[in-house]
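Hi,

Here is the structure I promised to pass on. Have a look at it first, and then read my notes below.

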Amino acid sequence: MCPELKKMDKKKHEKPGLLVVGEWQAVKKKCLEKAFQFLGENEKDNITILRGEEVSEAQVIEALKTRGLFGNRKVVIYQNPDFLLAGKKKDPVKKLVGALERSQMKRAARLLGSVLAEKGLYPDTISNHEPHELLSLLETDAINIEQVQELLAYHLKEVQKGLETRGSDGHLLLNWLKKRDKVNRPGNSFVIIYLSQKPPASTIFKKFAELCHVENLTLPTGKGQEAKAQLHLFVRDMLKEQGKEIDSPALERFLQLVGTGSVSAIRNELLKLVHLCGEKGRISVQDVESLVVRHKEEEIFRLTEAFRQKRLGQALESLDLLIEQNIHPLALLSAIRNSVLRILAIKAAANTLQISPGCPYNQFKNTCWPDMKKTLSKYSATSLSKMHPYSAFIHLGSPHKIPTLYDMIEEMAELDLALKGSKLDPRVIIEKFFFKYLS
């Protein structure tokens, strides 16, 4: 645990909450261990996970007060509450304008709701206001009455969701924790607050850290010798739990291969290394060098091939490996988008020429492909016209339909924005996309 957080965790008695900082893949086990310690084994149905950007603080309190389905006890895992991670907030009206410009209507509707909530409106009172009254509350000339009317007419539920997230400043949950802390017992409910990154210093965070047990599972940061020593100690401690030691040169080589930006990547590759070494107690450079990590370019190819063939399981496996190898999620999205565009272009060209996807390869190569190349060149898709005939043939045979491919391309703009600005785990964002289009 880092020194600043450790100082905040001085009380030794049982506290009514746990505050965990780190990557979800790395802290998930810790969160579930604490939950089952409180609930008892086999009580997963009494664990509720709520995301800060999707619920209000009042809804979290309500969940804590609600009894579990199969018992009196309940654990709520509250992920990334805004009031702890908030730095300099962007103007919500500007975000609303941006969403409208990109035709992201559902997102725009939620943003409209959150802006109106700041103006004092509630979900059950929005129907009392005319669209022009709501527009005046936005205090901007960048949005017109027609846009407000469209959001209310077609996306009212999303507007109401935005309105329901009002009032999340941390004090409701703080009061809930204080009441339970006074009697030195957790009661029938326990809250686990999960933060994906260390929050900025603030009075509200300090108060939460005093009332919760604190676990910091983030990697040491910085380029100095102290940060490097802490990182080495982190790896050695993980290996010690597995009954292993590692030579210093081997440790350096391991971190070169795996990287230093992801706790979950380091943990997963260490477990592979431990398994590879078998009964050996000390890990050498040779052991590390023989650690099988799939080549990144090869794995990206596997990912796009799985996507082309609509193989969900294989796509999820490749996604997991690439994320653990610290490949940026936007690079993965770019590779998937390029694959979608290739499939769409080949299918559209074939459709224009009335070429059947089921024609034999030799016929495709000798008769169809020359005409398709001309069509692709005509529409400035010169690079695609240089594809190998077999590559074009298998893209034509992809089970994805043209209307679905258009839907994917449209949704990828939202994916790009979500990967850049959402507090959700990038893995989760891409997985949802896969489940939607590969199932």
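What follows is a short tour of what I found.

First, some housekeeping: this is a predicted model, in which local features need pLDDT of at least 70 and side-chain atom pairs count only at pLDDT 80 or more, while totals for chains, interfaces and linings use all residues. Residues are numbered from 1 along each chain as its sequence is written, and side-chain values use heavy atoms, with hydrogens and water left out.

Strand 2, residues 47-51, runs parallel to strand 3 and is joined to it by 5 bridges, with Arg-51 opposite Gln-79. Strand 4, residues 189-195, also pairs with strand 3 in the parallel sense, over 6 bridges; here Ile-77 has Ile-192 as its bridge partner.

Gln-354 lies in the loop between helix 18 (329-352) and helix 19 (361-378), and is exposed, with a relative accessible area of 75%.

Now for helix 12, residues 225-241. Its 17 residues should span 24 Å at 1.5 Å a residue, and its end C-alpha atoms are 24 Å apart, which agrees (the expected span is 1.5 Å times one less than the number of residues). Which residues of helix 12 are buried? They are Ala-227, Leu-231, His-232, Val-235, Met-238 and Leu-239. These residues cover an arc of only 140° around the axis, so they are on the same side of helix 12; the arc is that of the directions from the helix axis to the C-beta atoms. The face turned away from that buried side carries the exposed residues Gln-225, Glu-226, Lys-240 and Glu-241. After helix 12 comes Gly-243, with a positive phi near 75°.

Some side-chain contacts may interest you too. Arg-73 lies over the face of Phe-38, at 4.3 Å from the ring centre (the criterion is NZ of Lys or CZ of Arg within 6 Å of the ring centre and within 35 degrees of the ring normal). One aromatic cluster is formed by Tyr-361, Phe-364, Trp-369, Tyr-390 and Phe-393.

Finally, Asp-287 is in helix 15, residues 285-289, and counts as buried at 12% relative accessibility. The side chain of Asp-287 reaches the backbone nitrogen of Ser-284 at 2.9 Å. Leu-257, in helix 13 (residues 248-258), is partly exposed at 35% relative accessibility. Leu-257 and Val-288 are 31 residues apart in sequence and 8.8 Å apart in space, C-alpha to C-alpha.

Enjoy exploring!

Key:
Two strands pair if DSSP finds at least two bridges between them. Helices (H or I, at least four residues) and strands (E, at least two) are DSSP runs, numbered from the N terminus. Buried means under 20% relative accessible area, exposed over 50%, partly exposed in between (1.4 Å probe, protein chains only). Rings of Phe, Tyr and Trp (its six-membered ring) pair if their centres lie within 6.5 Å; planes under 30 degrees apart count as stacked, over 60 as edge-to-face and the rest as tilted. A polar contact is a pair of N or O atoms within 3.5 Å; within protein, one must be able to donate a hydrogen and the other to accept it, and residues adjacent in sequence count only if both atoms are side-chain atoms.
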